[in-house]
Amino acid sequence: MTLGLTMALDQLTLRATQRAEYLADSLAARAGSTEAAVGLTDRLLVAHSAESALLREANAGQVVRGKRAARTEAWRGLWERLAAHMDSIPEGEHERQRRLGALRGHSVDSTHPPTHLRRASLLAGAPVPAAVHAEAGRQAAIAAELAASRERLARLALQL
């Protein structure tokens with residue numbers, strides 16, 4: 001009975017949940033620009049590549065068991081290496097993943113609308129410039145505040 005009621009509620013709220021995702025995408029475009037929001041949907045389609053890169057990093061850290069110093073410092077620069085890896089994915093691969101995602105109905109999870117429809121919705125209107133801009137000093141302060149968390153997460157990701 002409880003499971004059935006939960007499933008019914010999920011179905012009833014699914015439409016509202018998906019509408020909320022489109023609204024969130026619209027707000028993201030207004031805050032960071034349409035181009036940035038569309039870029040994020042493209043990154044979602046190649047997220048598996050980020051996972052593979054992190055697995056390679058973790059495996060490489062395990063291989064250098066005898067070199068303790070190198071292994072304990074493997075987390076340094078992890079996020080920069082991951083960003084460089086993601087930036088190196090060619091546009092042709094992004095386009096291939098967009099077509100494949102549309103064909104297969106890729107979405108982040110069962111409550112999100114298909115990624116290709118989210119992307120199309122963002123591109124349907126006039127491009128919006130970013131409303132939020134952070135000057136260099138503020139970006140540096142944010143980076144400093146997050147440094148310990150970035151390190152902890154990098155170590156956790158590599159299991160060091």
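Student: In α5, which residues are buried?

Tutor: Buried means under 20% relative accessible area, exposed over 50% and partly exposed in between, with a 1.4 Å probe and protein chains only. In α5, the buried residues are Leu-78, Leu-82 and Met-86. They span an arc of only 70° around the axis, so they sit on the same side of α5. The model is predicted: local features need pLDDT of at least 70, side-chain atom pairs count only at pLDDT 80 or more, and totals for chains, interfaces and linings use all residues. Residues are numbered from 1 along each chain as its sequence is written, and side-chain values use heavy atoms, leaving out hydrogens and water.

Student: At what angle do α5 and α8 pack?

Tutor: Two packed helices are described by the angle between their axes and the distance between the axes. Here α5 (residues 78–87) and α8 (residues 136–158) pack at about 75°, with axes 9 Å apart. The two helices are therefore roughly perpendicular to each other (65 to 115 degrees). Leu-78, Trp-79 and Glu-80 of α5 make the contact with Arg-150, Leu-153, Ala-154, Ala-157 and Leu-158 of α8 (heavy atoms within 4.5 Å).

Student: Is Arg-96 buried, partly exposed or exposed?

Tutor: Arg-96, in helix α6 (residues 91–104), has 40% relative accessibility and therefore counts as partly exposed. The C-alpha atoms of Arg-96 and Leu-45 are separated by 9.7 Å, and these residues are 51 apart along the chain.

Note on methods
Axes fitted to C-alpha atoms, helices over the stretch in contact; angles between N-to-C directions. Helix = DSSP H or I, 4+ residues; strand = E, 2+ residues; numbered from the N terminus. Parallel < 35°, antiparallel > 145°, perpendicular 65-115°, else oblique. Arc of directions from axis to C-beta.
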